[in-house]
2 protein chains.
Amino acid sequence: MSGGLILSIDAMGGDYAPDIVINGVEYFLKHTNKNRNPRFLLHGDKHKIEKLLEKAPLAKANCEVCHTDSVIAMDAKPAMAMRRGKGTSMWNAVESVKLGKANVAVSAGNTGALMAMSKLLLRMKTGVQRPAIAARWPHQEGYGVVLDVGANLECDANQLREFAVLGEAYYRALYKKDKPSIGLLNVGTEDQKGNATVQAAHDSLSCSSLGLNYVGFVEGNDISMGNVDVIVTDGFTGNIALKTAEGAARLIETFLKTALGGNIWSKMTSALNLSALKKMRSKIDPRLSNGGVFLGLNGIVIKSHGGTDAIGFASALSVALEMADSHFLDEIERTLSALHDEDDSMEIHLP
Amino acid sequence: MSGGLILSIDAMGGDYAPDIVINGVEYFLKHTNKNRNPRFLLHGDKHKIEKLLEKAPLAKANCEVCHTDSVIAMDAKPAMAMRRGKGTSMWNAVESVKLGKANVAVSAGNTGALMAMSKLLLRMKTGVQRPAIAARWPHQEGYGVVLDVGANLECDANQLREFAVLGEAYYRALYKKDKPSIGLLNVGTEDQKGNATVQAAHDSLSCSSLGLNYVGFVEGNDISMGNVDVIVTDGFTGNIALKTAEGAARLIETFLKTALGGNIWSKMTSALNLSALKKMRSKIDPRLSNGGVFLGLNGIVIKSHGGTDAIGFASALSVALEMADSHFLDEIERTLSALHDEDDSMEIHLP
């Protein structure tokens, strides 16, 4: 791997692949590229991809097509996907990162299968118990990061602490903020609130000497209010919180559309403050927060929503490029090593 | 207790009590009463209450003031509140229901203290493991009901099944729908998704012969979409989902206000479709969904948000009146009895 950054793409993953993937790459190169001129490996059905590239000149000029005959079905069980996964577009997309042919892999395919393959091919970083999936969450001033949003349905206190470390490094890499604040999601902010797991994680994060900017417990409403940068929770709660907020946002958009009797944006923008409304629209557009990152592996893998469109896929590519262009993997290595030193010294001091 | 319905009110509970309580009763009698003309017992500081009643003629004509010297602090620990609770406005409000002097109790005070007192004074219905708190959740066509939203941070499968029974009876009582649909909140809708607890609850609800309209797993976005009437979850997840959605709704409202450069409603309603916007506003106004109900006790207790205003408190009174005027307690008795018969017969058939 030499020269610029290389993004390895599962061109066949997602409900509307390969169309949204190729169009997503084209949209990204046209609108979001930021002059870093990455190149792309497109894994999938050569004939379908090349046909689409005919109408996507920027993508065509910056892509290499890597043919595969088989794909992972969107509803495949992870175990089944693993047994039959080798040589699929998803497998090859991740394998390119393992082999050093690409800096990052992106897929809109089956989440469980992608996680299973990523763990098998890239392996977890030393000492990480299980990888987490981190999602970006829009708020008034920018974005927060919530993890885990679905990889680990049951977590112990050590895992939650590890998520804090992973999420903090991810936030720094993506948003270049030196000391992002970290909160632990709970049913109240008082120290005595919550179940045994969050209590133990809270104690351990409060006493940690890792230098994390841990602010304590936060509540559900703090996420959208932007009161904290990194929100740590188990995958069951995080997944439900994320989808619940998406549902609430969609409901309000539906109400607005009904109330205004047609295309809300066209009517409102014609009469009122155009740029502020555009900003608002971009904030609550779920496509623009697309791109969950698998954290804790020896390599970077980005999961796009399966049902997204080309603009959503381009957002996932944006996250991929930002991560590939950061020192995330080196930094996380250092912090995890400090975390384990802390664990070791705590063990020594235990009675 | 004879004649009309009687609502027993903790006049001192809430961040802005007793003002919002008295003004809430006045607002309720003026706007939401529906000709059922209930009467009110107002427990609290006689001098403060009577002064406020001077400016609230409808409330004054329909209230009896029951003086108490002491109140439960909003930040009191439940155990402390129990030790010093007797004779407080909250205690006496609940005790009036126990003594048959009122049909329902309402408080905007400390949730933990109110739950502890309610359990002590009213006791749980036979066979109920722990009471749950049910919240109304607005969607496009009406309201859903979510439980538990905070009373039980860890739940087993039997509790979740009990919540399904309690929530179904509550929904029928409040919205007069014969067979409300029930969903179990999970990270996906496929049968194999989720942790061991929701899996076991799903199996047990799927096989139940109670005649519940159980539709299976639902996801976070299904709540606001109104795809199901009763959403069952543990108190940790439910509390976080509820506050997360409130945060997302508040964020969008803030964006709209900023985008429209001032009072959004006045600007929009002046130019556009007034009635549809009013409807939308009422839908996403959290005050109008106020009033969580404690389910599983021998009596009805309604918890209002501590920080609500008079309009929000009036919404809680609305729920209280609807519940008091329903056959909820009798019905739930019958369904719980059927649930336990089913448990007994399952035990007999186990190997």
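## Exercises on strand pairing, helix packing and a salt bridge

Strand β6 (residues 143-147) of chain B pairs with strand β9 (residues 230-232) of chain B in the parallel sense, over 3 bridges; strands (E, at least two residues) and helices (H or I, at least four) are DSSP runs numbered from the N terminus, and two strands pair if DSSP finds at least two bridges between them. The model is predicted: local features need pLDDT of at least 70, side-chain atom pairs count only at pLDDT 80 or more, and totals for chains, interfaces and linings use all residues. Residues are numbered from 1 along each chain as its sequence is written, chains are lettered from A and ligands numbered from 1 in the order in which they are written, and side-chain values use heavy atoms, with hydrogens and water left out.

**Exercise 1.** Find the bridge partner of B:Val145 in β9(B), then give the strand order of the open sheet of chain B.

*Solution.*
1. B:Val145 has B:Val230 as its bridge partner.
2. The order of the 11 strands is β3-β2-β1-β4-β11-β10-β5-β6-β9-β7-β8, and the pairing is mixed.
3. At the edges lie β3 (63-67) and β8 (213-218) of chain B, each pairing on one side only.
4. From one strand to the next, the twist averages 25°.

**Exercise 2.** Describe how α1 (residues 19-31) of chain B packs with α13(B).

*Solution.*
1. The axes are 7 Å apart and the helices pack at about 60°; axes are lines fitted to C-alpha atoms, for helices over the stretch in contact, and angles run from 0 to 180 degrees between N-to-C directions.
2. α1(B) is therefore oblique to α13(B) (under 35 degrees is roughly parallel, over 145 roughly antiparallel, 65 to 115 roughly perpendicular, the rest oblique).
3. Residues in the contact (heavy atoms within 4.5 Å) include B:Val25 and B:Phe28 of α1(B) and B:Phe313 and B:Leu317 of α13(B).
4. By class, this contact of α1(B) with α13(B) has 11 nonpolar, 3 polar and no charged residues; Ala, Val, Leu, Ile, Met, Phe, Trp, Tyr, Cys and Pro count as nonpolar, Asp, Glu, Lys and Arg as charged, and the others, Gly among them, as polar.

**Exercise 3.** Which residue forms a salt bridge with B:Lys243, and why does the pair join two chains?

*Solution.*
1. The partner is A:Glu219, with the closest N and O atoms 2.4 Å apart; a salt bridge needs a side-chain nitrogen of Lys or Arg within 4 Å of a carboxyl oxygen of Asp or Glu.
2. B:Lys243 lies in α10 (residues 235-259) of chain B and A:Glu219 in the loop between β8 (213-218) and α9 (220-225) of chain A, so the pair joins two chains.
3. Over all chains, the count comes to 20 salt bridges.
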